[in-house]
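Please look over the sequence and the model shown below.

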Amino acid sequence: MDIHMTNLVAIDLNLLVALEALIAEAHVGRAARRMGRSQPAVSHALKRLRDLLGDPLLVRIGSRMEPTPRALALKESLPDALERVRSLLVTEAFDPATSVRHFLMVMHDHLADLIVPDLVKRIHRDAPNVRLEVLPWQSPLSMKPEQLRSIDLCISCSLNALLGFDRSPLFTDTESVVVRRGHPAASRLRTLRGFLDAGHVAVVGRGMAHDPIDTWLREEDLERRIALVVPSYLQALHAAATTDLVAFVPTRVAQTLAPRLSLAVLHPPIDPGTYKEFLFFPQRRQRDASCLWLRDIVMELGRRIEARGFSAAHRAS
């Protein structure tokens, strides 16, 4: 970054953190909340940055603040520069009891139902001042570079390699038929014909054209009757709990929520096979003690889920 021959001794590195937040948010108040600072302090930082860089950085257009071309140019290189500075200053030591670290995870909502409750309990016990933010699933392939750099962990069943990330198997899963308890056609769903003729709720997530089960059925020259389309497995489970619709969803979350939602989890008349959920973690944080701490906890939770197997407790006969 060109700071026109300014003596580096005179530069407060916190200004670079403020610059990153201001450019990302294009709003002094939101930047202040992102940094955990007061709005006057961030306004003062913006004034210092303008003087230092010789550029307004943010200009008011109507009711909005817009970044200048200089700010947009800095936006591309600043995150990497800050990451390098942090890597120079960070120590290997990490004390969960005193840390105020902010972690960011990305996962589907049905996986959050399996992982997050126990994860929050563990964090609250061992690291009471740590903040965990869980974002809804978005394919990392569609994320901007600055979004990818902010992720500490990502959980997905994707078999595709993700540039800049390593992965480890977390647990296996399969899929089951789910209906409300007392469903009048539950016994007929054990047959292929009964399954296909029933009214189904399909799950078509963001960026998808079809529910994966329908893609597989078409390959077998089969088609089920879809009565409702929703964007998530949790919504499908709630729809099945309150209607006579049939959901075809991951077994582990179905078994977890079955008692609470009064659901029956049935063996499907087709073989769905099994698949793995993976934990993705950024290669650049392989030596980050705080990230390793969180990764170890999530891997432990994955091993517990795997050890439970697929319970038959909630399967209807």
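## Charges over rings

Arg295 lies over the face of Phe281, at 4.1 Å from the ring centre, and Arg167 is placed over the face of Phe278, at 4.3 Å from the ring centre. A charge is taken to sit over a ring if NZ of Lys or CZ of Arg is within 6 Å of the ring centre and within 35 degrees of the ring normal.

The model is predicted, and local features need pLDDT of at least 70, side-chain atom pairs count only at pLDDT 80 or more, and totals for chains, interfaces and linings use all residues. Residues are numbered from 1 along each chain as its sequence is written, and side-chain values use heavy atoms, with hydrogens and water left out.

## Aromatic pairs

The structure holds four aromatic pairs, a pair being rings of Phe, Tyr or Trp (its six-membered ring) with centres within 6.5 Å, called stacked if the planes are under 30 degrees apart, edge-to-face if over 60 and tilted otherwise. The rings of Phe94 and Trp293 have their centres 5.4 Å apart and their planes at 55°, so this pair is tilted. Because Phe94 lies in the loop between helix H4 (69-89) and strand S3 (102-107), and Trp293 in helix H11 (residues 289-308), the pair ties together parts that are 199 residues apart in sequence.

Phe94 is partly exposed, with a relative accessible area of 21%, whereas Trp293 counts as buried at 14% relative accessibility; buried means under 20% relative accessible area, exposed over 50% and partly exposed in between (1.4 Å probe, protein chains only). Ring pairs also link Phe94, Phe103 and Trp293 into a cluster.

## Overall fold

The protein has eleven helices and twelve strands, which are DSSP runs numbered from the N terminus (helices H or I, at least four residues; strands E, at least two). Of its 317 residues, 45% count as buried. Among contacts (heavy atoms within 4.5 Å) with a separation of 6 or more, 76% are between residues 24 or more positions apart.

## The second largest pocket

The second largest pocket has a volume of about 1200 Å³, where a volume is the space filled by probe spheres set on grid points joined across faces, edges and corners. On a 1 Å grid over the protein atoms alone, a pocket is an open set of points where a 1.4 Å probe fits, with protein on both sides within 12 Å along at least five of seven lines, and lining residues have an atom within 4 Å of a point. Of the 40 residues that line this pocket, the closest to its centre are His108, Cys157, Met208, Pro212 and Tyr233. Helix H8 gives the most to the lining, with four residues.
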